[in-house]
Amino acid sequence: MTALPIIIDCDPGIDDSIALLAAFVSPELDVVAITPVAGNQPIERTLRNALQICELGGRTDIPVHAGCHRPLLREPIYGQFHGETGLGNTDLPLPAKQAEAKGAVEFLIDRLGEAAQTGKRITLCCLGPMTNIAMALRISPGIASGIERIVMMGGAYREPGNRTMTSEFNMLVDPHAAHIVFSSGIPIVALSLDATHQVILTPDHVSAFAEISGRISRQLADLMAFWDRNQAERYGSRGGPLHDPLVIAWLLAPQLFETRRARIFIEHESELCMGQTIADWFGKSGLEPNADIATHVDAEGVIALFLERFSRYRARSAA
Amino acid sequence: MSRRRIIIDTDPGVDDAAAIFLALASPELDLAGISVVAGNVGLAASVKNACKLVALAGRRDVPVYAGAAGPLIRDQVFGKYAHIGSFADTLVPETDHGPQAVSSVRFIAEEALKAASKGRRITICAIGPLTNIALALRLAPNVAQGIERIVMMGGAFASLGHRTPWSEFNVHADPHAAEIVWNSGVPLVLMPLDVTFQALFTEEDFRGFEAKGSPCGSALAALLRTYDRSDIKRFGRPGGAIHDAMTIAWLLQPDLFSGKEMAIGVTLCGPTAGQTWADFYGKSDRRPNALVMSGVDERGYRELVVERIAGLALTSGEREIDA
């Protein structure tokens, strides 16, 4: 089996970190690079957090390229549920690992350009605002053909927003970047709030993860425990929605998801609805679909998948 | 005297050609490179034109970079003279000179970062849509610190638009890029249509470009005759504007121009997207972000442009022909 080459563009972030840690122990995935961007936290912190998570997961071999320091047009906003460091109360040593000299946008241009030349295309996982890839596409449009697909966490189609009434955080941070990506012709798999709100990581789940995850058990449990929104009236129980890890889950086990094809759009002009994502479910726009939007998730299957993956850290600590 | 290091960000373009020639003819300026952007014409034609212009001037040492192929967000629009495409070989001779491998955006960002670390900042003359410069500013937070000033041709305040009734082309083609650049904190000098429409060039000036036998002067005269820019209904007198060269002229002789610091902005969407406003009378709470020019010594400007370009590449041009 050849591993699927992926680049993880992210803004860690608690749920980003869980997604990274899951990807690290999945031999089906070849993590070519991690490209942090400003989002949940300013770039200095998302970069540092990505480096720390690489060290925690024992994957200091993966290059990390620092991405954009702010959205294209809108003023920066940051996440509300990730604590001061971006990793909750998780106590991690300052990283010894350094970011690569090359910035994320330049890396994406060079590496995806190479993929476009060789035909060995790369899957891009977007777990944060899409500033990095939008910049790269505007500087070098030819790199689009080096991208197999974009698997993104973001947007809210049938669900309301989580940062404003209409808008999911990643989309609201940089709606112009999302517009560039949605208009690029690159195939998209969209894990929106419609999907992620179906997979709630409950306190019971957190205990189960803590039990099986070997040498990262304490840090993983700290990350996950901080994620509890304690908002049962919204999510149906205690716990927090497993946003970003669903991107990794879809790559590993797409059979756990039902998707529906549609054209997706983003509002980038109206202040009231800024960042709202819209799906053309019934072909009203006259434009071809550009995305497979996850509409239903086998939540138990996803939790079971991740429990099995994180149990691999037990084996790794023994090694 | 230390020469001022500049980048010309451009979409040539006839009046872009005048600006590039004026810079090449001016020893006060050290032209680090020409960063090309899609605008008046598509990117490939703009790049070709820039290469033809530097080759004709015998200045292949000035690197040409290819940049953004279209605007950040809005659909692409071209100039009124888009049909020009790349300049006909009969007007500007063909060349095998080509652009550098690296993008305009990376060139601008790297020049600015180098300039910031050396403490000798660079000036950018922006005479096309601002897409390249906006992208460069977003590449790294320190890029802005390496730019001393952006001297831009664009906008229309007291004057009406020329690409649409409400908008000037360079801003209209990428208003989001203008929003990014104008709010970047980099000092801005703006040459809007208000001032560029005040200096009109006629056949007498075209003959002046040719007077000394400069290949560049002759090519520019041919371009200006072929693509007539006069509009007697609008200007009430004969002649046409050479907008872009005003940015270079300001660097050479700022006292030719008069203007005032004020807040400026751009409309990003809706039916009047690309419209620019300037707070001439302090009606907004926005701090001034640009020195907006409103007056020019027409004769002084025309003489400067004609005299300098007429003398460009007289010897090096002959040397190329001999070889």
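For chain B, UniProt lists the feature "domain: Inosine/uridine-preferring nucleoside hydrolase" (unreviewed entry) at residues 6–301; positions from UniProt are in the numbering used here, feature names are shortened, and annotations may be inferred rather than shown by experiment. This is a predicted model, in which local features need pLDDT of at least 70, side-chain atom pairs count only at pLDDT 80 or more, and totals for chains, interfaces and linings use all residues. Residues are numbered from 1 along each chain as its sequence is written, while chains are lettered from A and ligands numbered from 1 in the order in which they are written.

**Annotated domains**
- The end C-alpha atoms of residues 6–301 of chain B are 20 Å apart, and this span is 34% helix and 19% strand. Helices (H or I, at least four residues) and strands (E, at least two) are DSSP runs, numbered from the N terminus.
- In chain A, UniProt places "domain: Inosine/uridine-preferring nucleoside hydrolase" (unreviewed entry) at residues 6–302. That span of chain A is 34% helix and 18% strand, with its end C-alpha atoms 20 Å apart.

**Overall form of chain A**
- Chain A contains twelve helices and ten strands. Its radius of gyration is 18 Å, close to the 20 Å that the globule rule gives for 319 residues, so chain A is as compact as a globular protein of that length. The radius is taken over C-alpha atoms, and the rule is 2.2 Å times the number of residues to the power 0.38.
- Along the principal axes, the C-alpha atoms of chain A fill a box of roughly 55 × 45 × 40 Å.
- Buried residues account for 55% of the 319 residues in chain A. A residue is buried if 20 or more other C-beta atoms lie within 10 Å of its own, exposed if 12 or fewer, and partly exposed in between, with C-beta atoms placed from the backbone.

**Contact between the chains**
- In chain B, 16 residues are in contact with 16 residues of chain A; contact requires C-beta atoms, placed from the backbone, within 7 Å.
- On the side of chain B that touches chain A, α3 (104–118), α4 (131–139) and α6 (175–182) of chain B each supply at least two residues.
- The residues of that side divide into eleven nonpolar, two polar and three charged. Ala, Val, Leu, Ile, Met, Phe, Trp, Tyr, Cys and Pro count as nonpolar, Asp, Glu, Lys and Arg as charged, and the others, Gly among them, as polar.

**Helix α6 of chain A**
- Eight of the eight residues of helix α6 (residues 175–182) of chain A are buried, so the helix is largely enclosed by the rest of the structure.
- The buried residues of α6(A) pack against α4 (131–139), β4 (147–153), α5 (169–173) and β8 (257–266) of chain A, together with α6 of chain B.

**Strand β6 of chain B**
- From strand β6 (residues 188–191) of chain B, B:L188 and B:L190 point one way and B:V189 and B:M191 the other way, and all are buried.
- Strand β5 (residues 147–153) of chain B runs parallel to β6(B), joined by four bridges; strands pair if DSSP finds at least two bridges between them. B:V151 stands opposite B:V189 in β6(B).
- Strand β12 (residues 290–296) of chain B also pairs with β6(B) in the parallel sense, over two bridges, and B:V292 in β12(B) is the bridge partner of B:L190.

Definitions and conventions:
Two residues are in contact if their C-beta atoms, placed from the backbone, lie within 7 Å.
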